[in-house]
Amino acid sequence: MQTDELREKYLAFFETKGHTRVASDVLVPTWDPSVLFTPAGMNQFKDHFLGKVKLEFTRATTCQKCLRTGDIDNVGRTAYHHTFFEMLGNFSFGDYFKREAIHWAWEFLTDKKWLGVDPDLLTVTIYKDDDEAAKIWHEEIKLPTSRISREEEDENFWPASAPSQGPDGVCGPCSEIYYHPSGGKEVEIWNLVFTQFNRVGDPPDNLRPLPSKNIDTGMGLERTAATLQGVATNYHIDNLLPIVEAAAEVCGAKYEYQSDDGRRLRRITDHVRACTFAVHENVYPGANKEKYVIKRLLRRAVLDGHQMGLREPFLCKIVPRVVEVMGKTYPELNETIERVASVIQKEEANFFGTIDGGLNRIETVFGEMKRDNRTVVDGAVAADLYQTYGVPPELFESLAAEHNLAFDWDGFRRAMEEHGIKSGTEQQTVMGSKGPIDSLKQAHHKTEFLGYDTTEATAIIMGIVAGKPPHDHLCDKMEEVGHADPVRVVLDSTPFYGESGGQVGDSGKLVGEGFEFEVTDTQKDGELLVHSGHLKDGVMTEGATVVASVDTERRDAIRRAHSATHLLHHALHKHLGEHAQQQGSKVDADWLRFDFTNLSPVTPEQLAAIADDVAAHVATAAPVKWETLPLADARKQGAMMLFGEKYPDPVRMVSMGPLASGASSRELCGGTHLTNTDQVGAFEIVSEEGVSAGTRRIVALTGRRAEDRAAETTAAIERTADAVGCGADQVVAAVATLIANQRALKKQLSSGQPATETATETLPKSTGEFSYQQAKLALAELGRQLSVAPLAVAERVESLLAEVESLKKQLAQRDAAGPLSADKLLESTTKLGETTVVIAETPGAPQNLMRQLIDQLRQKEQSIAVLLAARESHDKVTLIAGISKDLQEAGASAGKWIGPVAKALGGGGGGRADMAQAGGKQPAKLPEALSVAHRTISEMLEG
């Protein structure tokens with residue numbers, strides 16, 4: 001039986017049993033902070049199991065895309081381990097229980113209409129105390145007791161060992177079904193989990209029966225397909241072997257199951273398949289969390305290729321084959337082949353650029369450990385390898401294991417934390433967390449949102465939560481006005497928008513009889529909307545009726561920014577390409593931040609065109625509409641759907657247009673929006689920058705904030721032009737000349753050579769015409785040249801002009817004093833015994849030149865002490881002293897010499913014995929200070 005046929009049969013079978021077929025959740029469930037990747041089919045139903053949502057169905061069946069890295073070292077080595085895999089599952093939420101789950105599993109496996117597996121080749125395990133399951137298997141299924149094995153809690157309980165070791169929360173026994181191929185090793189193909197208990201505390205008597213019992217089963221698609229196809233490993237089934245063969249062809253290696261290269265090719269197959277799905281969902285290789293996992297998988301696969309002799313990117317060439325095989329079931333993969341391959345190719349190239357150096361360093365480390373009889377890899381060394389060569393610590397650990405060496409993970413983490421770096425680690429699914437908000441979820445399920453149609457409504461307080469977690473608690477009334485910690489209030493319905501989809505939560509007030517509550521934020525928790533804030537007056541009680549009023553001025557500013565975000569996304573697609581998918585966003589009052597996929601920086605010209613495009617769409621005064629419709633209909637109408645997002649069905653589609661481009665913007669969005677694009681008002685892009693590999697960020701303003709920004713930009717370019725004395729259209733060339741002059745003056749001052757004329761450049765003739773967009777581009781370019789923010793350009797230019805004048809004065813002072821060289825200084829020396837002493841003022845000399853002169857003097861004289869002084873301004877003097885090696889050996893010190901001299905100038909300082917630097921604040925006392933220098937060195941040498 002082909003894998004695609006098995007998947008479809010499973011889902012169709014459970015549909016005949018009254019189950020709703022539910023689409024796979026995304027691979028990265030951003031809604032669930034307890035996991036990085038979806039680890040199992042039940043993950044998307046956690047709130048269903050816990051009774052936190054209103055159930056639209058009580059039976060479900062899925063084929064879930066999963067990714068786990070707990071057994072990553074076994075991938076390619078064993079027959080059945082993967083990182084990415086598909087999990088078939090059927091679920092009951094307080095509906096059927098053990099009898100149906102067991103009977104249907106047996107029917108699907110053995111009935112010739114479905115899989116037709118020989119019953120004699122199947123055995124089962126149960127939890128040791130689960131007599132109910134044992135009775136069903138033996139008396140109803142007629143399975144002999146010899147083929148029913150009772151196991152301990154570490155084998156047949158979920159979570160493993162929960163009764164004795166925890167965690168507290170929902171748990172239950174399980175029953176596993178094993179297939180025994182002729183002459184082969186038994187294979188677990190299905191796990192039936194009976195969630196019937198709530199664990200509370202330590203044993204004994206800590207398993208409390210749940211009022212509503214649930215079923216959660218999981219059948220590994222690849223493992224079951226391998227069983228039905230009679231192959232020795234999952235990697236030989238019909239939808240994995242073609243990828244293995246493609247990998248072998250790309251790597252120029254022959255695939256042999258038992259060989260080292262065979263294991264490498266299987267691992268490459270697994271990792272490139274996992275990364276294809278992840279990158280498709282916009283999870284790019286990076287330094288943290290799920291992005292780090294993808295980086296780690298790609299680099300492990302690159303190492304396998306490197307060990308087979310490859311030195312250039314190759315994984316990217318396997319992506320098309322992955323999509324060809326998996327695209328029948330997941331057709332959306334076909335839309336991103338080029339982008340996925342490009343992202344993977346870039347990460348490969350990065351690692352190939354450092355891998356040789358990293359591996360050489362690792363071999364050196366192993367050699368040193370063998371020489372010193374050490375058996376544990378130093379975590380700090382591993383951290384250095386990761387930061388210098390990009391070698392993931394898990395990869396280092398795998399290589400160490402091949403040499404029978406352990407790995408110091410604690411030391412690695414400490415070293416990384418010292419550098420402020422945290423890498424991704426796999427998280428485990430957490431169920432059953434309890435708190436006051438969870439109690440309100442179970443009692444009320446959801447808050448009705450009224451905010452699309454109104455900003456004020458009458459509502460009833462369903463719950464009040466006081467205190468900070470984990471010490472927060474429900475209370476029936478709140479009467480402490482001026483409390484420090486925010487109080488959370490849940491209403492039966494509300495016009496307040498709860499933060500989600502990147503849009504911040506609303507603020508406003510709740511007013512009831514005799515009290516007022518200021519709402520400072522609104523958050524979404526499941527289907528509840530939670531209002532946070534402070535009681536301003538009176539006593540607030542549960543059950544009270546309130547008038548909930550949103551701050552409409554702030555809401556309007558948020559709406560402007562959110563609608564502008566859709567226009568920006570549309571413009572990015574037009575100017576950069578369809579790959580510029582949203583990677584994250586934040587929408588606040590007249591402010592937006594938009595992260596999107598793009599492998600290179602957006603050029604100033606592209607950015608200007610994007611801004612112009614948004615402005616044109618705003619000027620079009622196109623209507624903004626929204627409607628709720630079936631997901632399939634939204635897809636047919638061309639609604640933009642983000643890869644890696646799972647949408648409800650039906651969905652809310654927000655449409656804008658037709659726009660200036662003639663097309664319309666259509667996105668699936670639950671946020672609040674304007675009714676016409678012209679209500680956005682002004683639109684200003686503030687910045688564009690990279691936030692991680694392949695991800696760029698645009699920050700923009702709308703409305704009044706954008707108008708203020710435009711005024712500041714105009715003022716900045718005018719101020720800069722006035723400072724350099726030119727027209728606004730000449731300012732970039734004028735500032736470039738200013739920068740060149742500053743550098744030339746610095747070079748002349750540090751060289752000690754006579755001053756020469758600085759560069760001059762004939763500016764292009766001013767036309768007097770300079771558009772606002774040109775001014776923006778000019779200011780951005782100047783900001784890049786000067787390494788400051790655009791609005792800081794004028795101040796930096798004024799500072800630069802002052803610096804140029806100062807440099808010119810220093811040069812004039814230096815030149816007035818005559819040529820400055822080591823030979824010139826030796827013309828005015830004194831002798832203290834065999835030691836030459838040079839104490840002199842070096843007008844206009846910068847610090848590096850003073851140091852150079854001291855070094856030159858020490859090369860010319862065997863025994864010498866030098867102290868040089870230079871006035872930098874009316875209130876600053878720099879002192880630098882240096883002595884020869886023989887004087888240091890005799891106990892003299894430049895640091896001790898320079899201290900009293902600096903003190904005479906109202907300053908201080910010191911340094912090493914060979915060279916020291918100090919400063920003073922009273923240049924007028926320099927003659928006196930030089931006398932102190934003579935006296936001090938004399939005393940030092942005589943002593």
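Q: Two strands pair if DSSP finds at least two bridges between them. With that settled, what joins β32 to β33?
A: A hairpin does, and it passes through two residues. Strands here are DSSP runs of E with at least two residues, helices are runs of H or I with at least four, and both are numbered from the N terminus.

Q: What kind of model is this, and how are residues numbered?
A: The model is predicted: local features need pLDDT of at least 70, side-chain atom pairs count only at pLDDT 80 or more, and totals for chains, interfaces and linings use all residues. Residues are numbered from 1 along each chain as its sequence is written, and side-chain values use heavy atoms, with hydrogens and water left out.

Q: Back to β32 and β33: parallel or antiparallel?
A: They run antiparallel, with eight bridges between β32 and β33 (residues 876-883). Within this pairing, Ala-870 has Thr-878 of β33 as its bridge partner.

Q: And how does β31 pair with β32?
A: β31 (residues 835-841) pairs with β32 in the parallel sense, over six bridges. Glu-841 is bridged to Ala-869 in β32. From β31 the chain passes through helix α25 (residues 847-860) to β32, a right-handed β-α-β crossover; right-handed means that, with the strands pointing away from the viewer, the path from the first strand over the helix to the second runs clockwise.

Q: How many residues of β32 are buried?
A: Seven of the ten residues in β32 (residues 864-873) are buried, where buried means under 20% relative accessible area, exposed over 50% and partly exposed in between, for a 1.4 Å probe and protein chains only.

Q: Changing topic, how many aromatic pairs are there?
A: The structure holds 28. Rings of Phe, Tyr and Trp (its six-membered ring) pair if their centres lie within 6.5 Å; planes under 30 degrees apart count as stacked, over 60 as edge-to-face and the rest as tilted.

Q: Why is the pair of Phe-45 and Phe-91 tilted?
A: Their planes stand at 50 degrees, so the pair is tilted, with ring centres 5.0 Å apart. Phe-45 is buried at a relative accessible area of 1%, and Phe-91 is buried at 1%.

Q: What about Phe-449 and Tyr-497?
A: That pair is edge-to-face because the planes are at 75 degrees; the centres are 5.8 Å apart. Phe-449 is partly exposed, at 23% relative accessible area, whereas Tyr-497 is buried, at 5%.

Q: Which residue has its charged end over the ring of Tyr-452?
A: Arg-652, at 3.7 Å from the ring centre. The criterion is NZ of Lys or CZ of Arg within 6 Å of the ring centre and within 35 degrees of the ring normal.
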